[in-house]
Amino acid sequence: MEYLALYRKYRPATFEEVVGQGHVTATLAREAAEGRVAHAYLFAGPRGTGKTTTARILAKALNCANLGTDGSPDATCDSCVAIAAGSSFDVMELDAASHNSVEDIRELRNRISTMASAEGSRRVYILDEAHMLSKAAGNALLKTLEEPPEMVHFVLATTEPYKLLDTIRSRSQRFDFHPVGTENLAAHLTRISELEGYKTDTAALIQIARHAAGSVRDSLSLLEQVAALGDGSVTPQGVRRALGLAGLDAMNRLATAIATRDARAGLELVAELAGDGVDLRRFIGEAVGFFRGVFLSHYAPNVSEIADEPADVIEAWKLVSTELPASDVLRAVDLLGDALVRLRDGREERLMAEMAMIKLARPEFSTDTEALVSRIDRVERKLAAAGGGEGAAPSPDRYAHKHQRTTQAEPEPSESRPAPDEDPAPEPAPTEPTEEKAPRPASTTSAPASGSTEPPPGAAPLIPTADPPDRSPAKFSMSELQAVWPGLFGSLRDLLGARRWALFREVIPAAVEDGTIVLQVPHDFHREQLSNDPAVASIVATHAGDLLGGEVQVRFQGASGQAVPLDGVDDDEIDPESEELFDGDETEEQDPTALLEEELGATVIEETEGE
């Protein structure tokens, strides 16, 4: 006998055999038993959930010679056998994708007018992919669909019911087919595996059911593929090999790399998965779903009741949720989602995956708000662990505070200079970006000093403390300023606003003079605008002081080195009529003819008088 695929071999023959659609089959069986069958049905739902199969079973029930009292056909009479084999003259299956013109509908109406194959038989027209009907074809079908002959019934099956005409939907009795749950689908796969003699593992069947996303047909196709790969054995390893899946262990390793800020571990994970033949696009998609579950675990104690996942996956979600704050998890979902969009646009898979790993593990590489929030949360957790008291608890308004220091060491005491007998620390020159540094506090307590006695509007201190004392002038070098400049520069974009940022974006640090930061502005117009706006210098000085541990002054200078004070007052203007504008004494008036001879080498031709 010719080999049949599993989804064809084990196609349900009665209403009871349909998997996961009890709300549909129970209604149809009752209508068939009571003889109250509608003239038109609309079956809507995802692929592989049993729409066409249920339509065939309904056709069997309408023509079965031995219909049961429960409305289910016996599947053994001549009519049921002919319908199952596709040879019945009473059941017509049409594909709307290839029969979507007005001429096709006209031909269909001509067929409807003919008699059934036997007395008392009912004709059933099953129209697959009904949403593919053109508007003209749909309108041509309306009258027949509303008032067909007494012994004719229509079943329209579609995955996109919203594309059908409203007038067609209103003339049909609609049933929605739902995706089959993972547990029901795994149980169905277990029964099929026993009938086929496969050696199965429960975890492997659950993986197949999850990957099928509620489609019975897809799950049977995957089961057949994995069994062929494993020579009749279905194991989790075989499922990962056949489908190119990364597995739960890879998700845990990714979460650990993000929690420990270990970019190298993330890159090694991508290299290992690529070497094993894992589909990196599918890995990114799995990671999005995994961190979605972690995010749910932060806010839903009963996550097992709202997520259709096995117990080991939910346990992994809860474990990771204790290691990663919600801000990091949400940022991971956003970054991985963006990477998935780029991959679908045809970008290079491994490059996109590696870039996502680096951005996830090293937020200091990004200046977006989410990255800054992640870095601030990390500093707050370190301060809370160091202080241990109520005063070290994170501020509920921490998301309004955008600045963050990104140096290498842990929080230091208030002394900013090493002892005389100690060698100064070498300038940091890491080959890889290092961990960010917490803001330097003004005292030995764990709370950092605020930028000023009154914080700027919209900003909140990292740590809620009592009123801080006045800060002393900061002592810092040019190298220390350069170390904190990336984080300071990135945080100023949202604080300055669009207009000021357009003027400030090309500013670079030029020098450090006794606690004053000299910023070079390449364009004179921008320099004048920034110098005449005291709020710009105040914002920059406040946030630079928070990062450098003291009071900081800021002034702007042009590209030529002409410094401008904070109040925007220019130096004494030069009198345009001053004699200093001239190199020497006033020159005497020159003869134009002599000037032409000297500069252009002209020759004077004497004019001769004419006759």
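Modeller: What follows goes from the cavity to the salt bridges. This is a predicted model, in which local features need pLDDT of at least 70 and side-chain atom pairs count only at pLDDT 80 or more, while totals for chains, interfaces and linings use all residues. Residues are numbered from 1 along each chain as its sequence is written, and side-chain values use heavy atoms, with hydrogens and water left out.

The structure holds one cavity of 30 Å³ or more. A cavity here is a set of points, on a 1 Å grid over the protein atoms alone, where a 1.4 Å probe fits but cannot get out; lining residues have an atom within 4 Å of a point. Grid points are joined across faces, edges and corners, and the volume is the space filled by probe spheres set on the points. For the largest cavity, that space is about 30 Å³.

Its lining consists of Ile-258, Asp-328, Arg-331, Ala-332 and Leu-360. Helix H17 (residues 326–344) gives the largest share, three residues. Helices are DSSP runs of H or I with at least four residues, numbered from the N terminus. Three of the lining residues are nonpolar, none is polar and two are charged. In this count Ala, Val, Leu, Ile, Met, Phe, Trp, Tyr, Cys and Pro are nonpolar, Asp, Glu, Lys and Arg are charged, and the others, Gly among them, are polar.

Asp-328, one of the lining residues, also forms a salt bridge with Arg-261, with the closest N and O atoms 3.5 Å apart. This pair links distant parts of the chain, 67 residues apart: Asp-328 is in helix H17, and Arg-261 is in the loop between helix H12 (248–259) and helix H13 (263–275). A salt bridge requires a side-chain nitrogen of Lys or Arg within 4 Å of a carboxyl oxygen of Asp or Glu. Asp-328 and Arg-261 are both buried, where buried means under 20% relative accessible area, exposed over 50%, and partly exposed in between (1.4 Å probe, protein chains only).

The structure holds 18 salt bridges. Another of them joins Arg-281 and Glu-349, at 3.6 Å from N to O. Arg-281 lies in helix H14 (residues 280–299) and Glu-349 in helix H18 (residues 349–361), so this pair ties together parts 68 residues apart in sequence. Arg-281 is partly exposed at 33% relative accessibility, and Glu-349 is partly exposed at 26%. Elsewhere, Arg-499, Arg-500 and Asp-533 are linked in a network of salt bridges.

Conventions: On a 1 Å grid over the protein atoms alone, a cavity is a set of points where a 1.4 Å probe fits but cannot get out, and a pocket is an open set with protein on both sides within 12 Å along at least five of seven lines; lining residues have an atom within 4 Å of a point. Helices (H or I, at least four residues) and strands (E, at least two) are DSSP runs, numbered from the N terminus.
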